[in-house]
Amino acid sequence: MSANAADPSHSPALLAEITALVQHEARLVDEGRFDEWLALFTDDGRYWVPSHAGQVSEHGEASIALEDPFLLRLRIDRLRHPQAHSQQPASRALHLLQATAIIGGQAPEWQTRTPFLYFEQRGPGQIQLPGTATHHLTRIDGTLRIRMKRVDLLGAGQALPMIQLFP
């Protein structure tokens, strides 16, 4: 249950809906269904992986990734390109998610926190990245959408392996 369980905008039904969205979003990446994944984001949505623990702003310092829908589309197109050297063989992903919690907000916008363990494999090589995903969600025309996904990797600030997909 969320830290704000007494808040009527954080009902068990809302938590179930949000949890389903977060699980669906991870499953789409795991299954390589990147167009459907990108469609979960708002038109001004962002995917952000800070470069170190405690980074408070997307601006003014480097990030591991900071992508809007245009840049996400470019990355998806690159992943699919038949001559993409980094995808020979194609990368595969698996997210193991802990329980999602609502950590803030009220209708129609909420913030969630989901600890995870992310695996990415390409050929015989595999990387494992633990971290926490924070989703900033908004309801548009009755549907929950991702305004921002922030991925805080436990090892951020250290040398990381090459990440091809989306932890």
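Reply: Let's begin with a single side chain: glutamate 17 has a relative accessible area of 32%, so it is partly exposed. Here buried means under 20% relative accessible area, exposed means over 50%, and partly exposed lies in between (1.4 Å probe, protein chains only). A word on the source: this is a predicted model, in which local features need pLDDT of at least 70 and side-chain atom pairs count only at pLDDT 80 or more, while totals for chains, interfaces and linings use all residues. Residues are numbered from 1 along each chain as its sequence is written, and side-chain values use heavy atoms, with hydrogens and water left out.

Glutamate 17 forms a salt bridge with arginine 139, at 2.7 Å from N to O. The term stands for a side-chain nitrogen of Lys or Arg within 4 Å of a carboxyl oxygen of Asp or Glu. This pair connects distant parts of the chain, since glutamate 17 is in helix α1 and arginine 139 is in strand β6, 122 residues apart. Helices (H or I, at least four residues) and strands (E, at least two) are DSSP runs, numbered from the N terminus. Arginine 139 is partly exposed too, at 27% relative accessibility.

Now for the helix itself. Helix α1 covers residues 12-30, and its 19 residues should span 27 Å at 1.5 Å a residue; the end C-alpha atoms are 27 Å apart, which agrees. The expected span is 1.5 Å times one less than the number of residues. Among the buried residues of α1 are Leu14, Ile18, Leu21, Val22 and Glu25. Why might such a spacing turn up in a helix? An α-helix has 3.6 residues a turn, so residues three or four places apart point the same way.

The buried residues of α1 pack against α2 (34-39) and against five strands, β3 (92-97), β4 (101-106), β5 (109-122), β6 (125-140) and β7 (143-153). Contact here means heavy atoms within 4.5 Å. After α1 comes glycine 32, with a positive phi near 70 degrees.

Aspartate 35 pairs with arginine 73, their closest N and O atoms being 2.7 Å apart. Because aspartate 35 lies in helix α2 and arginine 73 in helix α3, the pair ties together parts 38 residues apart in sequence. Arginine 147 meets aspartate 44 in a salt bridge of 3.0 Å, N to O. Arginine 147 is in strand β7 and aspartate 44 in strand β1 (residues 41-50), so this pair ties together parts 103 residues apart in sequence.
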